[in-house]
Amino acid sequence: MAPKAKPAAAAAASQPPPTLEDLFTTLNRHINSSSFDNAVKLADQILAVAPADEDALRCKVVALIRDDRLDLALSAIRSSRTPPPDFDFLKAYCLYRQNKLNEALESLKTQERTTETMLLEAQILYRLGKMDACLDTYQKLQKSKIDNLEINCVASLVMGGRSSEVQGLLDSLRVKATSSFELAYNTACSLIERKKYTDAEQLLLSGRRIGQEVLMEDNLPDDEIESELAPLAVQLAYVQQLLGRKQDAIEAYIDIIKRDMADESSIAVAVNNLVSLRGPKDVSDSLRKLDRLKDKEAQNFQLASELDLKLPAKEKEAIYANRVLLLLHANKMDQARELVSRLPDMFPESVIPVLLQAAVLLNIIMQEAASFMIRHGKEDDAAKLYEELVKSQGGIEALVGLVTTVARTDVDKAELYEKQLKALPGLKGIDVDSLERTSGVKQVDGPAHVGITESHEEGKNKTKAKKKRKRKPRYPKGFDPANPGPPPDPERWLPRRERSTYRPKRKDKKAAQVRGSQGAVVREKQDAGSSNNSNPKPNQAAASKGSSGASQQTKPSAKSRKKSRN
């Protein structure tokens, strides 16, 4: 006998499957509640029942786009056997979001010129930097009464170098610059281009106040309000920089970067402006700040994909250019050459990459020319080249070359530039004047000198390889280092008969007989012993051992040894 089915399972089995109308109602509810993942799953469920349903496929594509899964949206569009006519527009939008701008523009050519297609076309042209064509499209859309169209029109005029036309456009549209904080920001940018910095500052302050009021009415949290108004904060700091209030600008940039509550593009602009304001000062910290904008997966410096999509070409070029200049100041020539080699392909219509390539080569060519002049005795010409390099580049190598070259002809000028060099650690306790007064150690030619030099170099290498532990000197029992008393006899290690104070006992007249010229003292036994003994005396070995730290230690000559015995 078969087991009885459970009541709940039996009731579910008895219910009919949901109709397409019910599925679409649930799908619409998922999309309105921004539950895009569930919307995609439900659209796939509808397509399993009705594979040719265009509405279900369109809902799936839109849900994937809203969920930022652009690759899957493009795959869904291309997999359709009979795509609807508006799918080319959705395809163009996906390509635009992926920054494939030329492909997106091609996809729009097959579409009818409606308000939606013309708006997307204008945004694509804006990204491509084709401002004249972009403005022409926006002018055609002015009759369509699109909300906030003036914001994009003003931005296009500023980016196209036509800031002087902004006020005329606002007058023709009968719109005030303070009607929205976005329009206030774009209009302030036009005033900056026209060098009306004070007016721009006042407009930015008004725009920030308007933005705070509007966004607070929309019940946005504080962090989102700050993120929305971050572009105005960065632009205010830039105006302070232009007005000469550099310290205020630096503090504002640092505050924006540290708080990290702005959008990626605003932080990138703040970092770039801070780096340009500092210049060659604190190059290492500036490079670290630019590394924050780098794509984490890329081996070489490359902007993150989010910044590459959002930033205009002009701002991206400024970031890369500042990176190259910082690498030149840091004397990282290999990284500078690698980065500058990629810039012409990234910005083909700009002259900046070519100028940066020339700068990289000039940091090399001028130094080589200066070295060539020094080798051929033209110190004055070499000094001029080094001085020009220091003023333009500020590199350490150029500064060192200038100091060493000018020191031969103009000591005062060399000392003036020498003050710009950073002091090396550990040199504060060295008295340079006493070192200059030191006579040094005499050098003696011959095989003995060579042997001592080789042994000195060998001992020097051993010292580098293994550092000896410093130990406290051991004194004899009862010895007081503070009161050492008279110095010990330096000849105390010699046999008594070899000391200078030794006087032999004259047991007979023959032993005491003096021979030779007046004042000469000859001891036959002692001379015979010294002539037969080829090894150095113990006192000489001890003296050589005790002074092995000298840089050019030499052995006493044969003449000096003979004197030490008499």
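Begin by selecting cysteine 94, which is buried at a relative accessible area of 0% (buried means under 20% relative accessible area, with a 1.4 Å probe and protein chains only). This is a predicted model, in which local features need pLDDT of at least 70, side-chain atom pairs count only at pLDDT 80 or more, and totals for chains, interfaces and linings use all residues. Residues are numbered from 1 along each chain as its sequence is written, and side-chain values use heavy atoms, leaving out hydrogens and water.

Next, select cysteine 134, also buried, with 0% relative accessibility. Its closest cysteine sulfur, in cysteine 153, lies 7.9 Å away, too far for a bond. A disulfide is a pair of cysteine sulfur atoms within 2.5 Å, and the count comes to zero.

Move to helix H10, residues 149–159 (helices are DSSP runs of H or I, at least four residues, numbered from the N terminus). Nine of its eleven residues are buried, among them Cys153, Glu150 and Ser156. These buried residues pack against H8 (115–128), H9 (131–141), H11 (166–173) and H12. Glycine 161 follows H10, with a positive phi near 75°.

Finally, select H12 (181–193) and H15 (230–242), whose axes are 11 Å apart at an angle of about 20°. The two are therefore roughly parallel, a class for angles under 35 degrees. Within the contact (heavy atoms within 4.5 Å), display Phe181, Tyr185, Cys189 and Ile192 of H12 against H15 residues including Pro231, Gln235 and Leu242.

How values were computed:
Axes fitted to C-alpha atoms, helices over the stretch in contact; angles between N-to-C directions. Parallel < 35°, antiparallel > 145°, perpendicular 65-115°, else oblique. Buried < 20%, exposed > 50% of the residue type's maximum accessible area, 1.4 Å probe, protein only.
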